[in-house]
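This report goes through a protein model part by part. Please look over the sequence and the fold before reading on.

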Amino acid sequence: MLANELGRRGIRVVLVDQKPSTAFNPQANATQARTMEHYRRLGFADEVRAQGLPPDYPTDIAYFTRYAKYELARFQQPSPKRATEEIRNLSGSWSAAELPHRVSQKFVEIILRRHAESLPSVSLHYGWRLTGFVDSGDSVDAEIERVEDGLRARVRASYLVGGDGPHSFVRQHLGFGYTGEAQAARDFMGGRMFAIYLRAPDFYRLVPHDKAWMYVTFNSDRRAYMAAVDGKQEFAFHTQLRMGEDPEQITHAGAKAMFERGVGASIDAEILDCRTWIAGRTLVAERLQKGRVFLGGDAAHLFTPAGGLGYNTAIDDAVNLGWKLATVLRGRGGPGLLESYEAERQPVARRNTGYARKFADSLGLFAAVPELEDDTPAGAAARLRAGEYFNRHAREEFNIPGVTFGGRYDGSPIIVSDGTVPPPDAPNLYVPTACPGGRTPHLWLKDGRSLYDTFGFEWTLLRLDPRAPNAEGWRRSASELGLDLTIVDVHSAEARDLYAADLALIRPDQVVAWRGSGREVDPSAVLSQAIGKNSPSSQA
Ligand SMILES: Cc1cc2nc3c(=O)[nH]c(=O)nc-3n(C[C@H](O)[C@H](O)[C@H](O)COP(=O)(O)OP(=O)(O)OC[C@H]3O[C@@H](n4cnc5c(N)ncnc54)[C@H](O)[C@@H]3O)c2cc1C
């Protein structure tokens, strides 16, 4: 994603990844709406939405004792096709250009890679690892090594970004640890997880329930969640290992047996891949920057994947850092611009990992009673209670516009505050606001376009009142600062009310940098602050 953000701006990028290619295991399975909006900005949201589940496949979240046994609860969600239709009629919390898409990360990575490869200034090198680096103050000298044969090379770059995952060599080389909770113990989602990627062509025939995207089991023997990967036969089954289960000793036959415990019946299954990972982490790196070196993604924060936030928070890191690095490399950003990356992203990482932890507690601390699967009145009562619990839980974990859209950069030195207070942060509620520091409010225009589609790729000045002062001063200031500013006129009472201002300055990452009437400020001072060139401008 960062290669895409930088490459789209003509910045030379060398990406090394020690893996031979993009991920084979599905890994994360939820692309949140905000991430989809970023893909839309880059022009490939439709390509992503076409991947994974078939267009008419429901993206329900459903809970079972075991998949072929009792269904306990279900949160119905639209198919990919319906999602693109429905979003045009949603308002309030879900006023957005895109709804979430339930697609495995392995498919998204292929699209991100293809687009990055098509950019002339980007060169991708899979099968190469970073083995050392020195930040000399003027540049970073990195040593890389080809995994296959140990061939070594050096790269001199202006900046280095460690998006190198949970065991980040870059983070460790910088001397930063993670802070937070290293290991929560829970009945589920708190311990060693075993990720089984498998093919089970008979699954939909055997399971007597409606299709779902997310299948969760609840019993006292084999708890698991499983994402439908292609809607036909492939699944990503994640189960928590019990005491004494050694992943090294689990054969494909053993993995198939685990899956069968989740299904509650014997079923044909071809095991494609097995991995372990740790659930129960709520960790954020002590620092996200040192000199010319930055951290992003799992290297900067580690989640328990309840709520599906790890990969999505990583995407937002890349979006935030991308335009800032490009602005500085073009000689336009001030000294505060790159420092604002940590100031903005570290609090969001703490916020998002905290939300994920709460979702994991809600899911994983609720344990099954022994009679849950019994065909008795006591069993039926236990299932009813569990169903009520999961019906509530599902809506809290999976209807999260507040988490998705509500991350804010209040207090950032490059946000020009207008002194207003944003609405309270809440996971399941998002109140659109143009209070500077948050995602710019969305609306659909009368001609059917998303407001976001009218924005420039870099800076946008929204003129929401025809009587707002002439934009010439903004245009001139932007030009003097070397910034690409698009001026967009949206003259509707709805838009003016939504933004509660005549003018709003939108950053390249679609965050409101400033709003006002335009009469009270010097555009040059506002723009300068927004690119870290001077200290906060005084605002009424
Ligand atoms: C098996 C598995 C299942 C998961 N399931 C879920 C899920 O269900 N839901 C969810 O939200 N999240 C899940 N995650 C987490 C999610 O995949 C991550 O949050 C996301 O991938 C973060 O992206 P990243 O680019 O920061 O890190 P990664 O995807 O880990 O990518 C880091 C990359 O850095 C490379 N690398 C590491 N060291 C070096 C080096 N020295 N030199 C060169 N390259 C290096 C690695 O090869 C890797 O490709 C899962 C992860 C795994 C592994």
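A residue is called buried under 20% relative accessible area, exposed over 50%, and partly exposed in between. The model described here is predicted.

Gln 27 has a relative accessibility of 37%, so this residue counts as partly exposed. Gln 27 sits in the loop that runs between strand E1 (13-17) and helix H2 (33-42). Its phi is near 55°, a positive value in a residue other than glycine.

Gln 510 also has a positive phi, near 65°, and is likewise not a glycine. This residue belongs to the loop between E21 and E22. Gln 510 is buried, with a relative accessible area of 4%.

## Nonpolar cores

In soluble globular proteins, nonpolar side chains tend to be buried together. The largest nonpolar core of this model has 76 residues. Tyr 39, Phe 133, Trp 459, Trp 474 and Leu 505 are the residues with the most contacts inside this core. Helix H9 (residues 310-329) supplies the largest share of the core, nine residues. Another core lies apart from this one and has 62 residues, including Leu 72, Phe 194, Ile 267 and Val 403.

What does Tyr 39 touch, leaving aside its neighbours within four places in sequence? Its contacts are Met 1, Thr 31, Phe 44, Ala 45, Val 48, Val 108, Leu 112, Tyr 311 and Ile 315.

## Helices H9 and H10

Two packed helices are described by the angle between their axes and the distance between the axes. For H9 and helix H10 (residues 335-364), the axes come within 10 Å and cross at roughly 175°. An angle over 145 degrees counts as roughly antiparallel, and H9 and H10 are therefore roughly antiparallel to each other.

On the H9 side, the contact is made by Thr 313, Asp 316, Asp 317, Asn 320, Leu 321, Trp 323, Lys 324, Leu 325, Thr 327 and Val 328. On the H10 side, Leu 337, Leu 338, Ser 340, Tyr 341, Glu 344, Arg 345 and Asn 352 take part. The residues of this contact divide into seven nonpolar, five polar and five charged.

## Aromatic pairs

There are 30 aromatic pairs in the structure. One of them joins Phe 237 and Phe 259: the ring centres are 5.5 Å apart and the planes stand at 80°, so the pair is edge-to-face. Phe 237 lies in strand E13 (residues 234-240) and Phe 259 in helix H8 (residues 252-263), so the pair ties together parts that are 22 residues apart in sequence. Both residues, Phe 237 and Phe 259, are buried.

Phe 294 and Tyr 341 form an edge-to-face pair, with 5.9 Å from centre to centre and 75° between the planes. Because Phe 294 lies in strand E17 (residues 293-295) and Tyr 341 in helix H10, this pair ties together parts that are 47 residues apart in sequence. Phe 294 is buried, with a relative accessible area of 0%; Tyr 341 is buried too, at 1%.

An aromatic cluster is formed by Tyr 57, Phe 64, Tyr 67, Phe 203, Tyr 204, Tyr 215, Phe 235, Phe 237 and Phe 259.

## Helix H15

Helix H15 (residues 523-530) is mostly covered, with six of its eight residues buried. These are Pro 523, Val 526, Leu 527, Ser 528, Gln 529 and Ala 530.

Which elements do the buried residues of H15 pack against? They pack against H9, H10, strand E19 (459-463), helix H13 (472-481), strand E21 (503-506) and strand E22 (512-516).

Conventions
Residues are numbered from 1 along each chain as its sequence is written. This is a predicted model: local features need pLDDT of at least 70, side-chain atom pairs count only at pLDDT 80 or more; totals for chains, interfaces and linings use all residues. Side-chain values use heavy atoms; hydrogens and water are left out. A nonpolar core is a set of buried Ala, Val, Leu, Ile, Met, Phe, Trp, Tyr and Cys residues joined through side-chain atoms within 4.5 Å. Buried means under 20% relative accessible area, exposed over 50%, partly exposed in between (1.4 Å probe, protein chains only). Helices (H or I, at least four residues) and strands (E, at least two) are DSSP runs, numbered from the N terminus. Contact means heavy atoms within 4.5 Å. Axes are lines fitted to C-alpha atoms, for helices over the stretch in contact, and angles run from 0 to 180 degrees between N-to-C directions. Angles under 35 degrees count as roughly parallel, over 145 as roughly antiparallel, 65 to 115 as roughly perpendicular and the rest as oblique. Ala, Val, Leu, Ile, Met, Phe, Trp, Tyr, Cys and Pro count as nonpolar, Asp, Glu, Lys and Arg as charged, and the others, Gly among them, as polar. Rings of Phe, Tyr and Trp (its six-membered ring) pair if their centres lie within 6.5 Å; planes under 30 degrees apart count as stacked, over 60 as edge-to-face and the rest as tilted.
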